[in-house]
Amino acid sequence: MQYISTRNNFRPVSAAEAINLGMVPAGGLFVPESFPQFSREELTELVESSYQELGAAILERYLTDYSREEIRTCLQRAYNASSFAHPEMAPVVSLAEDIHILELWHGPTAAFKDMALQLLPHLLVTARHKLGASRELVILVATSGDTGKAALEGFKDVPGIRIMVFYPQGGVSQVQERQMLTTGGQNTRVVAVTGNFDDCQNGVKAIFADADLRNYLADRGFELSSANSINWGRLVPQIIYYFSAYLQLVRRGRIVLGDEVNVVVPTGNFGNILAAWYARRMGLPLGKLICASNENNVLTDFFRNGTYDRRRQFKLTNSPSMDILISSNLERFLYDLTGGDGEKITLWFNQLAETGHYTVDEQTRQAIAEVLWAGWCDQEDTLKTIGEVFDRYHYTLDTHTAVAYKVYQDFLQASGDKRPAVIAATASPFKFVSSVLSALVSAGDREGLDEFEQLNMLSRISGLPLHPGLAGLKEKEVRHNWQAGKTELKSQLLCWLGL
Ligand SMILES: *Cc1c(COP(=O)(O)O)cnc(C)c1O
């Protein structure tokens, strides 16, 4: 299997090269040149497979330059009982006959980014080994909270790699900060920056753009990289859980193999829902893909009227991991739906970069409408939905999943579609404890409680055991105590590398 650029501007590369490069150097994203197909018979044979076995069946067809042994080793290291608190890794919970929740938050940091970030580091190390890359890789991450911890847990103690995370001091929640600062591992460093998230991101971008620094580091055996969500090595792991969810429903007799299932995804950068699209392309019987956004509803507008327009106010919401105005992975989806028209993609994404908007043609719009439905949910309805679902099913949604649930209700109203649905639950309710509790108890009951006490309160109310990644956080040893001004990121890096 070769990987080609969505903008026709690069030679075809192997999976190892695509994963090592991250994105196409001249702009554009790597996509597989074709989609491996799973027939009904092959799906039937996989019904009883474990998550790792299923993963191997899928990855073998995409990472054809990896040996069977390498793929199995990567999967074993990523998905096991010490990192995931559930034997299914991503279990499906049925709320009703036709509404199923795919829990993607049983990994070490309680959010769905773990599903990909537990595997990516192993795929990356294996890729570099194959390509003969000998320098130590230094991953730099600017985080507003969640990605930082998921990346730290994924790269922790992976040989040949170090990871350095910058976060805005006072700009993340108490729980998020404590999660990061208590990270173990010999190859991790977490730095609090006196500034906001943009300062962190700009600082990291400046380091990446500094050619002299890169040369200096290269001469001393280091290479810089990021772990962002456009890497093929972060996308391909996400296909596995859609197969797993579907086959779990078959195994439990909720559906018969071949029945179509709709999928609802709370969406930010469009990675998660793109993986569902890829699963569908591979022959998994999925119906409509329902794209759920929060008040940053640039995608809803795009899917409804064909114009992507980022020129709007950015909003901070109670589903912060979806606060995004540029959904990078949308480029891969459009590439597919235009039949692989790299010229159109180049035109649109150049327009986006230059003017902040672009409009797709009618044919593309119609192709999208066949497979995708989009909606959005405001903050008030998000909380209301958490309360309603709790009252009705005694099931606790986090804010992101609540957005998806509400948009799914709107979809049912609008379409009358009777097919069963799987809703992707992207975070444990404990991860966004303050918002979730505010939907379930009165302000008076929460008054004066810090976030750690709120975790215990949510555990009592929901009847859920505290997520292991969040338990005992307050008592855990703080292992990182580094601070930097917003102009000092580079010196922090050099200091850590001993240069
Ligand atoms: C990252 C994230 C999302 C958005 O996923 P995309 O793949 O970027 O669309 C949704 N919910 C949570 C909790 C997340 O962390």
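Which residues does the UniProt annotation "domain: Tryptophan synthase beta chain-like PALP" cover? According to that unreviewed entry, the domain covers residues 99-347. Please keep in mind that this is a predicted model.

In what order do its strands run? There are 6 strands in an open sheet, in the order β3-β4-β14-β9-β10-β13, and the pairing is mixed. Why is one side of β3 and of β13 left without a neighbour in the sheet? Strands β3, residues 92-96, and β13, residues 372-376, stand at the edges and each has a single partner strand, so one side of each has no neighbour there. From one strand to the next, the twist averages 25°.

Within this sheet, β9, residues 261-266, pairs with β14, residues 421-425, in the parallel sense over 3 bridges. Asn262 stands opposite Ala421 in β14.

Next, the helices on the sheet. Helix α11, residues 232-251, lies across β3, β4, β9, β10 and β14, and runs at about 135° to β4. Helix α18, residues 399-415, also packs on the sheet and touches β3, β4, β9, β10, β13 and β14. The direction of α18 makes about 125° with that of β10.

Finally, the ligand. How many residues surround the ligand, and which are the closest? The ligand is surrounded by 14 residues, the closest being Lys113, Gly268, Asn269, Asn272 and Thr426. The side chain of Lys113 places an N or O atom 2.6 Å from an oxygen atom of the ligand. Backbone atoms take part too: a backbone N or O atom of Phe270 lies 3.0 Å from a ligand oxygen atom, and a polar backbone atom of Gly271 is 3.2 Å from an oxygen atom of the ligand. On its own the ligand has 380 Å² of accessible area, and the protein covers 96% of it.

Thank you; I welcome your questions.

Technical notes: Residues are numbered from 1 along each chain as its sequence is written. This is a predicted model: local features need pLDDT of at least 70, side-chain atom pairs count only at pLDDT 80 or more; totals for chains, interfaces and linings use all residues. Side-chain values use heavy atoms; hydrogens and water are left out. UniProt positions are given in the numbering used here, feature names are shortened, and annotations may be inferred rather than shown by experiment. Two strands pair if DSSP finds at least two bridges between them. Helices (H or I, at least four residues) and strands (E, at least two) are DSSP runs, numbered from the N terminus. Axes are lines fitted to C-alpha atoms, for helices over the stretch in contact, and angles run from 0 to 180 degrees between N-to-C directions. Contact means heavy atoms within 4.5 Å. A residue is near a molecule or strand if one of its heavy atoms lies within 4 Å of it. A polar contact is a pair of N or O atoms within 3.5 Å; within protein, one must be able to donate a hydrogen and the other to accept it, and residues adjacent in sequence count only if both atoms are side-chain atoms. Accessible areas come from the Shrake-Rupley method with a 1.4 Å probe; for residues, only the protein chains shown count as cover.
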